[in-house]
Amino acid sequence: MVHQRKSEENARAGQRNVEANWPGKRPEDQLDHYLLESPQEDVTHTDVWRVLRIQSEFVNGFGTLAGTGPAIAVFGSARTDPQSPYYEMAHRIGSRLAEAGITTITGGGPGAMEAANKGAADNDGISIGLGIELPFETGLNSSVNKGLNFRYFFVRKTMFVKYSQGFIVLPGGFGTLDELFEALTLVQTQKITSFPIVLVGKSYWGGLVDWLTNTVAAERAISPKDLNLFMVTDDPDEAVDLVLGTADKQPAPEEAV
Ligand SMILES: C/C(=C\CNc1ncnc2c1ncn2[C@@H]1O[C@H](COP(=O)(O)O)[C@@H](O)[C@H]1O)CO
């Protein structure tokens, strides 16, 4: 009897709560109702399930990459042709990193990513590929010797920053620019510190550097000192020296371009 009264009170309280927070809805419209009732198909596409998938992707990424030693992430176009000089540069960068005992981390795809992974693997280095599930499946390149696939770009980007100590960025498109500007924003806002970012290819990056200098900094959308958050070089060996802090001199972008 006491039980029944209690549960009726709870039901009325639940109804008041739902009406206050969600006008026009009944208690059975709350999330638990959908979670517990079949059919379940729709539920697996709700944001609640998405949160769990995102969480599991973080857990899996942290678990797999936890033991990663010193590492540098190398970015660049998925479309870089094996005949391109940038492919050769990416390969050289992966080789040099391996020789220095540094792990190479890439997006695990084709083009510049494949070249850097190959350079690392050819020199007995650790060659990590953090792949991304895409509608047009490309899979991890064959030079990845430790690989992981992600559904979410933002989870994958966290891994690049968390498990590397610097970025080398070869010519690339939207994906590469996204990775570059993510890192620049994190350093600019001091979410990460002491994080060298080296762009390879003075003529490729020159237009962007000019625009950042003459438009973005000139119009005060960034501080002039933000232009010092990256370096530019044409030389893959120098890129490695700069990112590892073993170069004689770290050029400011204006003098490097
Ligand atoms: C476009 C093609 C394949 C795409 N496959 C990719 N695999 C892994 N990582 C990728 C892929 N595409 C983009 N990325 C990420 O973005 C960067 C390259 O993007 P961009 O737009 O090509 O510059 C790269 O660093 C990856 O992290 C078919 O060739």
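Q: What makes the residues of β1 in this predicted model count as buried, whichever way they point?
A: Buried means under 20% relative accessible area. Ala 71, Ala 73 and Phe 75 point one way from β1, Ile 72 and Val 74 point the other way, and all are buried.

Q: Why is strand β1 described as largely enclosed by the rest of the structure?
A: Five of the five residues of β1 (residues 71-75) are buried, so the strand is largely enclosed by the rest of the structure.

Q: How do you know that β1 and β2 pair, and in which sense?
A: Two strands pair if DSSP finds at least two bridges between them. β1 and β2 (residues 103-106) have three bridges, in the parallel sense. In β2, Ile 105 is the bridge partner of Ala 73. Between these strands the chain passes through helix α4 (residues 85-99), and this β-α-β crossover is right-handed.

Q: What makes β1 and β5 a pair?
A: β1 and β5 (residues 167-169) are joined over three bridges in the parallel sense, against a requirement of at least two. Here the bridge partner of Ala 73 is Phe 167.

Q: Which residues line the largest pocket nearest its centre, and which element gives the largest share of the lining?
A: The pocket, with a volume of about 580 Å³, is lined by 27 residues, of which Ala 78, Met 113, Leu 134, Phe 153 and Gly 175 lie nearest its centre. β3 (127-132), α6 (153-163) and α7 (174-188) are the elements that give two or more residues to the lining. The largest share, five residues, comes from α7.

Q: How do the lining residues of the largest pocket divide into nonpolar, polar and charged?
A: Ten are nonpolar, twelve polar and five charged, with Gly counted among the polar residues.

Key
Residues numbered from 1 in each chain as written. Predicted model: local features only at pLDDT ≥ 70, side-chain atom pairs only at ≥ 80, totals over all residues. Heavy atoms only, no water. Buried < 20%, exposed > 50% of the residue type's maximum accessible area, 1.4 Å probe, protein only. Helix = DSSP H or I, 4+ residues; strand = E, 2+ residues; numbered from the N terminus. Right-handed = clockwise from strand over helix to strand, strands pointing away. 1 Å grid on protein atoms, 1.4 Å probe; cavity = no way out; pocket = protein on both sides within 12 Å on 5 of 7 lines; lining within 4 Å. Points joined across faces, edges and corners; volume = space filled by probe spheres on them.
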